[in-house]
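Please read the points below alongside the sequence and the 3D view.

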Amino acid sequence: LGSIFSVYFSSCGQYIASTSDDRTVRLFHLQPIYESQTEWKLIWTGWGHTARVFDVSFAYPSHALGEESSHPTLVSAGEDSTARIWSPLQTQEVSHPLRGHDCESVWTVDVCDGIIVTGGNDGCVKLWDLDNRMMQDKDIRTFVVPKDPPIQSTHSEEKITTEATTSKPRKKQKKKQKLSGQLICGMELFKGHRLVVATRAGGLFSLDLKRNTWTHHKCWHDNVISLEDKSKLQIDPTTGTCLSVSPSAAKVIVGTTEGWLVVASLDSSCDVASHAFRCPSYRPVQSISWIDDDNVVVFYARGSVIWFRMEDIPLPLHIMTLGTPGIPLSFAYDYKQSFYIGDSRGNLAYFDIGQSERNEITPRSVLKAHAKEHVTAVTVMQSGIIVSVGNDGCMHQSKVTNNGQLQRLVSIPVPATTGLKHIWNVTQSNGQEDVILGGFYGNDYVVMDNINGYEFVRIPTGGRQKRQDFHIGFFNGCSHAMAICTGQKDGSNIIEFHSSHSFDETSMLPIPRHDTTYNIGHSYHAETINDVAWVKCGDKPAYFHNSVPISAYLLSGSNDCSVKLMEFRNGTFASAKELPPHESCVRGVCTSSHPATNTSLLVTCGGKLTMECYLLDHSSADMDASVTALCSYRTTGSKATIDHRMNAVRSVPLPSNENYHFVVSGDSEGNLHVVMVSELPKDRKTTIGEILKGNGRPVLCLELVTFNGFLLAFVGTTGGDIQLWTFSIAKLIGCSEASEDGRRKLGDVLPSTASCEFKAHQSGVNDLSASPVVGESESVVVCSVGDDQTVSTCHIHFAVSGPESLSCEGIRLSTTQCASASALKAVELILDDSTFHRVYTSGHDETVTLWKLDFARLSLKYVTSVPIGTEGSCLDCCQYNRPDGTIREVVAVGGLGTELLSFNLTTLLAACALIEANSLLITAGAGFSADSGLQTYEQAPLSYREMCDPSKLVEDPLKFQQFWLAFTRS
C-alpha cells in the first residue's frame, strides 16, 4: 500500500523484494500456473520497521550458500534509523535491528561478500558483518548452578554472630527468616570462557564454557586461616557480598559484610586452606577489583577504598576516604600515581597517591559529575582526560588542572541508553583512541561507539537488576561474552550465557585493540544545518601543533539539536567532536579569539532562549582535551518556552582584556541578549546578561564589528530592517574589570535604543556581513541578503566626537536585484586589497555565487557560481597556509550537510583578470636560448626539427607519436 520505494531481484531470478511507505518488506516468488505460464505471487510480508522502508537487498550468508532458492535472506533499511535482517521462510527477523546511524533515516543498503553497507542522512556509510550479526543471538546456552553443600553450624559460629549484639543494648529484633533457595553472592567471567560463582552457602564453582562442565571447588568459608595471627576463623557464609578473580585465575577473593576478605584457591587438584584478612573498622565490603596479581582494590560501603599489596600478610598501601555521603562504585588508575573514584551520588574524587606520605588519604579534588546518579565506570585516556559514565545516561569528560583540581570539560548525554554501566578505551591501529560504551536500553544491554553511533552488541537480559557480567574484546573484530544469572521458583539458579561465535581467550585481551573499519566518514547532522563558523585563532590563518598544521575547526549547529566541532586538516575533515546538545534546535553558532592567546571562545544558541559557551585550546593535540565548558546563559523572570528561541549569536574579543569576550544574541521577540563571558573557569556555571528591547520584529541575523573604540552590532529583522547598536569599548572594559558588581554595571553602560535603522529589503533580512573599510577610519560596509532575492550593499560613514560618542553621518545603499532564482539565505563579505573585494552568497537555489565588490560605484559584479548538493542555509570562509606557501580560501556551506569549496587565491585573481581582459596572447618556444648559451632550435638534430612540423602528425601519426613518446622518456 502506498508508494513503492525499491524493487530488487534475487541473483537466481526466482524472487523479488520490495519496500514501501506502509512500513513493510514484501517478498514475491515466481511460481508456475500452467505448463508454460508463471506468475509472481506474494509469499511473505515483513512487519518490524516503525516508519517507511526505503531500500532492500538480498544477502547471502556463508552458512546458507546454495540455499537461496529455498531460503532467501533480506536486509532492509528505513526511516526508523535501522537496518533489519530477515529470513522470510524461516524465522523472519533473525537479529536485532542494526543501529549505527546517528540520524532518523537510513536511505540505502547493499550486501556483498558477507558485508552489509548502509547509508543514511548523517553523511556516513556503516559496515556490518552479516554472518556475525545473524549468529549473534544463536550461541545462547543455559547452565544450572550446582547445588550448595550443606551448612554445618557450630557453637563457635554462634558465638561470633552474637558477639556484636551483646556489646550494645538489646533491642527488639525481628525474627530472622531462613534463607530459601540458593543465593549468589558473586559471579565473574574471566579469560572469556570461564565463569566463577560463589554462593551464600559457601559453595564455590567454576564453569568451563568450552567444555560445558562445572568444577566444584572447596567451600570458600571452610578451613579459613587468618593471615595476621594464623588462627583458624569461622566465617559465616551468609555474609558474603562479592567476589573477584585474580588476573592469573589462580585464586578468588570473596568479601563479606563483616569486612573479611577470604582468599580461596581455584586449583581443585590440591587441598589448600583459604586465608582471610581485613582492616578493623572497615566494613562491609562493597566490591573488589584487581589491578594485577599483587595489588587489589577493595571498596567499602561506608565511603572508603583500600589498596592492598598482596604479600604474605596483605599490606594496606593506601586508605582513601571519599568524604562524601556516597558509596564508592568505580575507579581508574593511570599508573601516574593518580587515582579516580566514582560514588553512588554522582561524585568523582581525585586522589594523588604519589604526593602523600601517609597511607590514609583524602581526595585532593571532588567534582559533581553525574548529578546524584551512580558513577558506574571511569577510565583515563592517554591524553589525561578522565571519562566517566553513570546511571544518568551521560558521558562526562574532565581533566586535572595544574593546581591539582578536577575541571569539568563537557557532559554529553547518550540518547540510546537509559543507564550506562561500562566504558572501554579502545586503541585503533593508527593509534587513535575511541571510547566504547556499554549500558542498558530498557532491559537490553547495548554496546556502542557513541561518537559514530555504531551499535556492536544488543543482548536481552530480562531485567537490569539481575546479577550479570560482561566481557568484550576488539583484538580481532568484536568478540563478546555475557553471563546472566536468573533465580528460579524452585530456589535454583540458571546461568544464561550469550557469546559471539568468535570469542576465545585471545579476543578478550585486557587492552582492547580495534583494527576493523566499520565507519566511513564522520557522523554529521541529521537535519538542516542552521549556522556554521570557522574557528580562527586570532589573526593567524593556520595553527600548528608539533610542526603539524591544523588548518582550522568548523563549528556547526542543526535542527536536530546537535553541535559538532570538525577538525579541518589537509583539505578535509580529519576528526569530529560532539558537544552537548541543546534541548531544542540550535539556531546560531559563533567563535572569537584574542590575538595574543591560543584559545577561542565557542558559543551556541537556540530554543528556549539558551546559550552555551565553551573554550577551545588550540595547543592541545587531543580534541577531547581541547574543549572546556565555561558557562550557560539563562534568562530571568518568566520561563522561556520552546517557541522562544535565539536565532543568531555573535561574539568579539574585548580589546586590552585577554580574558573577556562580548557576546550578543538576538531572539524571536526582537530583543538582544548581551553577555560578558570570561575565559577563566568559575564555580558558577550559569551567567545572567542584560536584555535590550528592539523594535518587536524577530531577529534573524546579526554581526559584530570592532570599529574605532566601539563595537557595532548590525541586526537584521523579519521586517527587512537593519538596526545599528553601538557599544563603547572603554565602558565595557571598565565593566569587565569590576568583580562583584560587574553585572549591575553592564546594564548601566549599555544603550537603551538603537543608534539608527534603515530599510535594506522588502522582506526579512536572512543574513548579513559587515567589515570596516581598509584604509578608511570612519566607514563600514554591510552586505545583506533576504527573501526578496536581493543583495543589498550599504556604505555607512561615522563621526567620532569623543571616546564614548559615535554618530552615523551618512548611509549609501545599493541593491542587486534578482541575484538568485529563489530566496537568499547566507552572505559573507571579504575586504581584501591583495586580490579584490568579494562577496559570497547562497540560498534555496542550491548554488554558491561569487561577486566582485566595486567600492567606487558600490555595486556587485557577477564573477561565477558553483552548484552544490544542498540549499545554502549558511556559510563562512577561512584561509589557511599550504606547505608550498600558497594561501587557499575555503568556503563552508551548510544545509542538509556541509559543502566545502576551496581554491588558490592567486589562481582566483588570475582567473578574474582573464575574465576582464579584452584579448589574450599565448606564446610558446625556446625562449632566449641563444643568449643563455643553450642549444638553439637551429642546432637541434634534423629529426627533431622535422617532428616539430604539425603536418607530420597527419602524414604519419604512428611515427609522430613514437618519436615524442621516446623524447619525453629521454
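**Charges and cysteines**

D292, D294, E311 and D312 form a negative surface patch. The model described here is predicted. Across the whole structure, a search finds 16 salt bridges and 0 disulfides.

**The negative patch**
- E311 is located in the loop between β26 (304–309) and β27 (315–321).
- With 44% relative accessibility, E311 counts as partly exposed.

**Salt bridges**
- Side chains of opposite charge can pair when their charged atoms come close.
- R283 pairs with E258 in a salt bridge whose closest N and O atoms are 3.2 Å apart. R283 lies in the loop between β23 (274–277) and β24 (285–292) and E258 in the loop between β21 (251–256) and β22 (261–265), so the bridge ties together parts that are 25 residues apart in sequence.
- R283 is partly exposed at 25% relative accessibility, and E258 is partly exposed at 35%.
- Between R650 and D531 there is a salt bridge, with the closest N and O atoms 3.5 Å apart. Because R650 belongs to strand β56 (residues 646–653) and D531 to strand β46 (residues 529–535), this pair ties together parts that are 119 residues apart in sequence.
- R650 is buried, with a relative accessible area of 19%, and D531 is buried at 9% relative accessibility.
- K564 and E578 meet in a salt bridge (3.8 Å, N to O), and both residues are buried.
- A network of salt bridges links D444, E455 and R458.

**Cysteines**
- The closest cysteine sulfur to that of C878 is in C877, 8.0 Å away, which is too far for a bond.
- C878 counts as buried, at 6% relative accessibility.

Terms used. Residues numbered from 1 in each chain as written. Predicted model: local features only at pLDDT ≥ 70, side-chain atom pairs only at ≥ 80, totals over all residues. Heavy atoms only, no water. Patch = residues over 30% accessible without salt bridge, like charges linked within 9 Å, V, L, I, M, F, W, Y side chains within 5 Å. Areas by Shrake-Rupley, 256 points an atom, 1.4 Å probe, with all protein chains shown as cover. Salt bridge = Lys/Arg side-chain N within 4 Å of Asp/Glu carboxyl O. Lys, Arg positive; Asp, Glu negative; His and termini not counted. Charge placed at Lys NZ, Arg CZ, Asp CG, Glu CD. Helix = DSSP H or I, 4+ residues; strand = E, 2+ residues; numbered from the N terminus. Buried < 20%, exposed > 50% of the residue type's maximum accessible area, 1.4 Å probe, protein only. Disulfide = S-S within 2.5 Å.
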